[in-house]
Amino acid sequence: MYDPERGWSLSFAGCGFLGFYHIGVTRCLSERAPHLLRNARRFFGASAGALHCAFFLSGVPLEQTLQALMDLVRSARSRNIGVLHPAFNLSKHLRDGLQRYLPDNVHQLLSGRIVISLTRVADGENVLVSDFRSKDEVVDALFCSSFVPFISGLIPPSFRGVRYIDGGVSDIIPFFDTKTTITVSPFYGESDICPKVKSTNFLHVDFTKLSLRLCSENIYLLTRVLFPADLKVLGELCFRGYLDTVRFLEENGICDRPPLCLSASSAESEVLEAPWEHGRLQPSPGMATGEARPEGDKLLDHPHLSILPWDESILETLSPKLTIDW
């Protein structure tokens, strides 16, 4: 929940390969309400949510994060049984990626700003860590928070001599105070930023703080947490994250930019620039003119495919200014 008087934090849910959703959310916030990211007191995260927070707070460009996720998905999908294939080493991919992308002073950048959810093996209790002495400690904490037993390996990793597994097992969407935390989740439910759909089905199930709507869409998404979908499907999920965030900003009246209008005229488009022009991510300001765009741009070439993750009823929950002509 957003509370401008008491301050706010952000919490990104653990969601495995659905982390593409977090990229769309963060892209929207950085463009339309950058103060929500800049002035947030803390960034909470479990598993993929913690990884996303760490990359963002370390200054890794979203395009680079997107590319890293795409490479991981391609590697997983290149095997017949995906992440279960003996030749696919999820743990090695994760550790190598953390060492490659995170800067050497990441412990200084993240200490006090990120809160990582871990599950202690000894008693199954949730542990939140926020202070780090070195880059290796940051890598260890993130690795523990993302360790899925049997999928990542058989022996749980350790952080400061204690063994932990995926933080989502005990607290998938961590926070200290729900009234001052903006929660983000790719699952249909009750999070502040998440897919919404008008339905007479009010049945929900709580899973370690995360409220999930009982619907076929969530069943599909849950099956894709550890077994990634096609990149076009994940691109649509990223686009969905952007739209869900626009709706959240409009509902709370905190948008720093003019309302999004995807059907704007050519004259208006110079002012109301859509985040994905022709279904492609705009390059970051730091990218040199003429520099080739990251391969991740192709992910959004077809953002409106008629597939299960994309529920067009989202348009019914957006303001008239967000109506899209299909």
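1. Rings of Phe, Tyr and Trp (its six-membered ring) count as a pair if their centres lie within 6.5 Å. In this predicted model, that rule gives five aromatic pairs.

2. One of these is formed by phenylalanine 55 and tyrosine 101, a tilted pair with 5.9 Å centre to centre and 45° between the planes. Phenylalanine 55 belongs to helix α3 (residues 48-57) and tyrosine 101 to helix α5 (residues 90-101), so the contact ties together parts that are 46 residues apart in sequence. Phenylalanine 55 and tyrosine 101 are both buried.

3. Phenylalanine 132 and phenylalanine 159 make an edge-to-face pair, because their planes stand at 65°, with ring centres 6.4 Å apart. Phenylalanine 132 sits in the loop between β4 (126-129) and α7 (135-145), whereas phenylalanine 159 is in strand β5 (residues 158-159); the pair links distant parts of the chain, 27 residues apart. Phenylalanine 132 counts as buried at 7% relative accessibility, and phenylalanine 159 is buried at 3%.

4. A charged side chain also meets a ring: arginine 95 lies over the face of phenylalanine 143, 4.2 Å from the ring centre.

5. On the overall fold, the protein has 11 helices and 11 strands. Of its 326 residues, 54% are buried. Among contacts with a separation of 6 or more, 70% are between residues 24 or more positions apart.

6. One annotation should be read alongside the model. An unreviewed UniProt entry lists residues 6-23 as "transmembrane region". Over residues 6-23 the chain is 22% helix and 22% strand, with the end C-alpha atoms 26 Å apart.

Definitions and conventions. Residues are numbered from 1 along each chain as its sequence is written. This is a predicted model: local features need pLDDT of at least 70, side-chain atom pairs count only at pLDDT 80 or more; totals for chains, interfaces and linings use all residues. Side-chain values use heavy atoms; hydrogens and water are left out. UniProt positions are given in the numbering used here, feature names are shortened, and annotations may be inferred rather than shown by experiment. Helices (H or I, at least four residues) and strands (E, at least two) are DSSP runs, numbered from the N terminus. Buried means under 20% relative accessible area, exposed over 50%, partly exposed in between (1.4 Å probe, protein chains only). Contact means heavy atoms within 4.5 Å. Rings of Phe, Tyr and Trp (its six-membered ring) pair if their centres lie within 6.5 Å; planes under 30 degrees apart count as stacked, over 60 as edge-to-face and the rest as tilted. A charge sits over a ring if NZ of Lys or CZ of Arg is within 6 Å of the ring centre and within 35 degrees of the ring normal.
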